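I opened the notebook to keep a record of what I looked up. The entries follow in the order of looking.

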Amino acid sequence: MRGAARVAGGRAGQRWARPRVPGPGPPLAVPLAVLLAVLLGGAGAQYSSDLCSWKGSGLTHEAHRKEVEQVYLRCSSGAVEWMYPTGALIVNLRPNTFTATRHLTLCIKPLKDSSGANIYLEKTGELKLLVRDGDHGPGQVRCFGFEQAGLFVEATPQQDIGRRITGFQYELSSRRAGSDLHTLSAPCRPCSDTEVLLAVCTSDFVVRGAIQAVTHDPERQESAIHLQVSRLYRQKSSVFRPAPEGGWRGRVTTLLECGVRPGRGEFLFSGHMHFGEARLGCAPRFEDFQRMYRDAEARGLNPCEMGVE
């Protein structure tokens, strides 16, 4: 197995203009006054019933003559589903956390077959295209620094009245946008000793085990690593479950481009949960991790303690 990756206008056209879809140039800028006019002039507020997820229909715009719906969510994760998208949504995310917002990362993942709208990042009157209508390849995720920004979801003109649903999942975390597999630079390079030692203290899961098999999914551009785990140090979700023969079994995913292959011996696997899946972070051979840990322990530099026998 190769070194593991380091774990990333308006409907009526009268009151506001539809922003152009940005090309390869700089992000589209929309005057703040235009957006404020939308909010004060025609937008209606609709609150999610559970504060985490929202479902609604653009057909209500016709009944109430609204151009823009305001959606307010207060959770670290959830989903938005918009049937028959017309007009626009402004999705306001305000996590129920004391963590400073400048340290938060927001990731969105379009639902399968999502269509009918473009999704933009809106911040101080500027719009940056995140997901173009119809451009939602399997497993596509967009991550960026949160900083109290919102999401602007704008319906695209449709010639038919067929059922369309624009939807996406979202996650807010304290990890930086480039701290996992979705970093754009060198996503498959091995972790350094310092990164490994920090990962075992901060990851959502840390296990010692062997690779049983590796399966590849070219459509999702992912590889699944099936593990036989001999020791479970930590897991936030029930990714690894007891096996009949003893120990635990589970799987973690990584990018297809990392070219993961089955390898002999035991590894120390760590990583984070991302949209319900265990994503691989650092995975050194266990004997290499023992060396790193003991060297750091001798110098008093271990960020946390764990058993290495």
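Which loop does Phe275 lie in? I found Phe275 in the loop between strand 16 (267–274) and strand 17 (277–280). I note at the start that the model is predicted.

**Entry: two positive phi values**

I looked up the backbone of Phe275 and read a positive phi of about 50°, although Phe275 is not a glycine. Is Phe275 buried or exposed? The relative accessible area of Phe275 is 11%, so I wrote it down as buried, the cut-off being under 20%.

I then turned to Asp113, which is in the loop between strand 6 (105–110) and strand 7 (117–123). Asp113 is another residue other than glycine with a positive phi, here near 65°. Its relative accessible area is 57%, and because exposed means over 50%, I listed Asp113 as exposed.

**Entry: Ser57**

I located Ser57 in strand 2 (residues 54–57). Its relative accessible area is 22%, so I put Ser57 down as partly exposed. What does Ser57 touch, leaving out residues up to four places away in sequence? I listed Trp82, Met83 and Tyr84. I also checked Glu81: Ser57 and Glu81 are 24 residues apart in sequence, and their C-alpha atoms are 8.5 Å apart in space.

**Entry: the partners of strand 15**

I looked up strand 15 (residues 248–255) and found that it pairs with strand 13 (residues 222–235) in the antiparallel sense, over eight bridges. In this pairing I noted Gln228 opposite Arg249 of strand 15.

Strand 15 also pairs with strand 14 (residues 241–242), again in the antiparallel sense, over two bridges. Here Pro242 stands opposite Trp248 of strand 15. How many residues lie between strand 14 and strand 15 in their hairpin? I recorded five, and in the turn Gly246 has a positive phi of about 105°.

**Entry: helix 3 and helix 4**

Last, I looked up helix 3 (residues 193–202) and helix 4 (residues 286–298), whose axes come within 10 Å and cross at roughly 90°. That angle falls in the range 65 to 115 degrees, so I described helix 3 as roughly perpendicular to helix 4. Which residues make the contact? From helix 3 I listed Asp193, Val196, Leu197 and Val200, and from helix 4 Phe289, Arg291, Met292, Tyr293 and Ala296. I sorted the residues of this contact into seven nonpolar, no polar and two charged.

Definitions and conventions
Residues numbered from 1 in each chain as written. Predicted model: local features only at pLDDT ≥ 70, side-chain atom pairs only at ≥ 80, totals over all residues. Heavy atoms only, no water. Axes fitted to C-alpha atoms, helices over the stretch in contact; angles between N-to-C directions. Helix = DSSP H or I, 4+ residues; strand = E, 2+ residues; numbered from the N terminus. Parallel < 35°, antiparallel > 145°, perpendicular 65-115°, else oblique. Contact = heavy atoms within 4.5 Å. Nonpolar A, V, L, I, M, F, W, Y, C, P; charged D, E, K, R; others polar. Buried < 20%, exposed > 50% of the residue type's maximum accessible area, 1.4 Å probe, protein only. Pairing = 2+ DSSP bridges.
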